[in-house]
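Biologist: I would like to learn how to read a model like this one. Please take me through it feature by feature.

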Amino acid sequence: MKAAVVTFPGSNGDFDLREAVQWVGGEAHIVWHRERGGLKNYDAVLLPGGFSYGDYLRAGAIASLSPIMEDVVAFAKAGGPVLGICNGFQTLCEARLLPGALIRNEQLRFEGRDIRVRVERNDTVFTTDYRQAQVLAIPIAHGEGNYEADKATLERLEGDGRVVFRYVDARGEPTEESNPNGAWHNIAGIINEAGNVLGMMPHPERAMEQILGSTDGAALFTSLVSSLVESA
Amino acid sequence: MSRYHLEIRVKPRPGLLDPQGKAIHGALRSLGWPEVDEVRVGKAIYVDLDAASERDALDKATAMCRKLLANPVTEDFEVALAGARP
């Protein structure tokens with residue numbers, strides 16, 4: 001399994017993401033955003049966290065029009081797995097690969113801390129190694145993670161079961177207090193209709209080792225790597 | 001071709017939560033303006049460009065809004081000719 005980690009100017013989670021894939025036995029390479037055709041021969045595309053283009057205009061907006069994004073869109077349309085974390089999620093929304101938008105956190109504060117999310121779907125290529133409804137301890141680090149969409153989109157997301165991660169409290173309940181940014185329905189991560197494009201605000205690549213506080217992010221990468229090894 | 005100065009206003013869509021507007025609203029009220037009913041924060045973008053006509057300049061700005069400057073999920077936009085560069 002070979003993953004491409006796309007680096008934009010201002011990305012800062014790219015090396016952690018590459019490390020996370022390698023940690024679970026996959027192969028990962030950094031690909032610069034200007035490399036057209038650079039995604040050939042890759043099995044998965046990962047968009048990292050960070051502050052691409054300084055978050056100018058809107059988080060992820062300028063990155064979503066980077067040269068490589070046409071290749072990312074083509075890769076996604078062909079069914080290839082695409083994962084966007086934090087700024088990567090914002091970029092996927094701006095590129096319309098995922099519906100909705102991530103706006104300023106409700107309380108206007110940047111939130112960098114450990115939170116909990118519940119796995120709402122363990123039947124995606126990204127989550128098979130989790131238990132259904134498993135509660136994960138995982139860090140967030142964002143100022144614009146407040147997921148918004150129009151009512152019809154939200155109803156469709158919920159109706160089709162496309163919410164993959166939801167902010168919850170210690171008992172696994174999606175309460176207001178456990179919502180770090182005001183996101184609709186405590187949404188922390190969603191998947192596209194075809195089930196191959198996942199966007200999430202929390203950082204699984206920062207929860208790989210006990211020494212860093214949690215290993216709950218690792219199963220996402222083992223899920224992805226094993227699903228691609230099986231399909232290869 | 002003539003040089004045109006455009007003012008593009010990008011505004012949060014009605015009904016959408018605007019956390020910045022809410023915070024500023026609270027600040028204005030506590031500073032002694034309890035009559036303030038609502039505050040919404042948008043942005044103004046000033047673009048200078050060469051175009052064949054006013055219409056052409058406005059059309060180009062509208063295309064820029066659709067492609068990059070506004071997010072249709074959360075924002076509305078207006079384009080207008082501005083007198084001069086701010």
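Biologist: What share of the 232 residues of chain A count as buried?

Modeller: A residue counts as buried when its relative accessible area is under 20%. In this predicted model, 59% of the 232 residues of chain A fall in that class.

Biologist: Which secondary structure elements make up chain A?

Modeller: Chain A has five helices and 11 strands. Its radius of gyration is 16 Å, close to the 17 Å from the globule rule for 232 residues, so chain A is as compact as a globular protein of that length. Along the principal axes, the C-alpha trace spans about 45 × 35 × 35 Å.

Biologist: How do contacts in chain A relate to separation in sequence?

Modeller: Take the contacts between residues at least 6 apart in sequence: 74% of them join residues at least 24 apart.

Biologist: Is helix α3 of chain A enclosed or open?

Modeller: The general idea first: an α-helix has 3.6 residues a turn, so residues three or four places apart point the same way. In helix α3 (residues 87-94) of chain A, eight of the eight residues are buried, so the helix is largely enclosed by the rest of the structure. Among them are A:Phe89, A:Leu92 and A:Cys93, and also A:Gln90 and A:Glu94. Just after α3(A), A:Arg96 has a positive phi of about 65°.

Biologist: Where is A:Asn146, and what does its side chain reach?

Modeller: A:Asn146 lies in strand β8 (residues 146-148) of chain A. It counts as buried because its relative accessibility is 0%. The side chain of A:Asn146 reaches the backbone oxygen of A:Asn181 at 3.3 Å. Leaving out residues up to four places away in sequence, A:Asn146 touches residues including A:Ile103, A:Arg104 and A:Gly182, as well as B:Leu17 and B:Pro19 of chain B.

Biologist: And where is A:Asn181 found?

Modeller: A:Asn181 sits in the loop between β9 (163-167) and β10 (187-191) of chain A. With a relative accessibility of 0%, A:Asn181 also counts as buried. Its side chain reaches the backbone oxygen of A:Gly145 at 2.9 Å. Among the residues A:Asn181 touches are A:His142, A:Gly145, A:Asn146 and A:Tyr167.

Biologist: How far apart are A:Asn181 and A:Leu102 in sequence and in space?

Modeller: They are 79 residues apart in sequence, and 9.9 Å apart in space from C-alpha to C-alpha. For A:Asn146 and A:Pro9, the corresponding values are 137 residues and 23 Å.

How values were computed
Residues numbered from 1 in each chain as written. Chains lettered and ligands numbered in written order. Predicted model: local features only at pLDDT ≥ 70, side-chain atom pairs only at ≥ 80, totals over all residues. Heavy atoms only, no water. Helix = DSSP H or I, 4+ residues; strand = E, 2+ residues; numbered from the N terminus. Rg over C-alpha atoms; globule rule 2.2 N^0.38 Å. Buried < 20%, exposed > 50% of the residue type's maximum accessible area, 1.4 Å probe, protein only. Contact = heavy atoms within 4.5 Å. Polar contact = N/O pair within 3.5 Å; in protein donor to acceptor, adjacent residues only side chain to side chain.
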